[in-house]
Amino acid sequence: MAVKNVVFDVGGVLLSWDPPSVIAQLHPDTAQQATIRRQMFEHADWHEFDRGALSEDDAATHFANLTGLSID
């Protein structure tokens with residue numbers, strides 16, 4: 001059997017995965033941080049993006065709409 005795909009678990013294994021820390025660095029407002037965490041990283045659609053069912057462009061637009069933030 002030939003191997004067609006290889007999946008690497010990068011977050012938390014090869015790279016540090018700490019969304020709250022990254023969000024805090026980009027958005028100093030704690031209320032905005034909570035909204036981003038809840039509407040993006042804790043949202044069920046994050047898993048769709050993570051498994052590749054939602055493209056990067058579609059995810060950016062979708063999560064911008066959920067959080068009220070711009071994707072510019």
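Reader: So what classes of residue are in the lining of the largest pocket?
Author: That lining has 16 nonpolar, 4 polar and 2 charged residues. Here Ala, Val, Leu, Ile, Met, Phe, Trp, Tyr, Cys and Pro count as nonpolar, Asp, Glu, Lys and Arg as charged, and the others, Gly among them, as polar. It's a predicted model, where local features need pLDDT of at least 70 and side-chain atom pairs 80 or more, while totals for chains, interfaces and linings use all residues. Residues are numbered from 1 along each chain, and side-chain values use heavy atoms, leaving out hydrogens and water.

Reader: Which residues lie nearest the centre of the largest pocket?
Author: Ile36, Met40, Phe41, Ala60 and Phe63. A pocket is an open set of points on a 1 Å grid over the protein atoms alone where a 1.4 Å probe fits, with protein on both sides within 12 Å along at least five of seven lines; lining residues have an atom within 4 Å of a point.

Reader: And which helix gives the most to that lining?
Author: α4, with 6 residues. Helices are DSSP runs of H or I, at least four residues long, numbered from the N terminus.

Reader: What about the second largest pocket, which helix gives the most there?
Author: α3, with 4 residues. Phe41 is one of the residues lining that pocket.

Reader: Switching topic: what caps the N-terminal end of α2?
Author: Aspartate 29 does, with a side-chain oxygen 3.2 Å from the backbone nitrogen of alanine 31.

Technical notes
Polar contact = N/O pair within 3.5 Å; in protein donor to acceptor, adjacent residues only side chain to side chain. Helix = DSSP H or I, 4+ residues; strand = E, 2+ residues; numbered from the N terminus.
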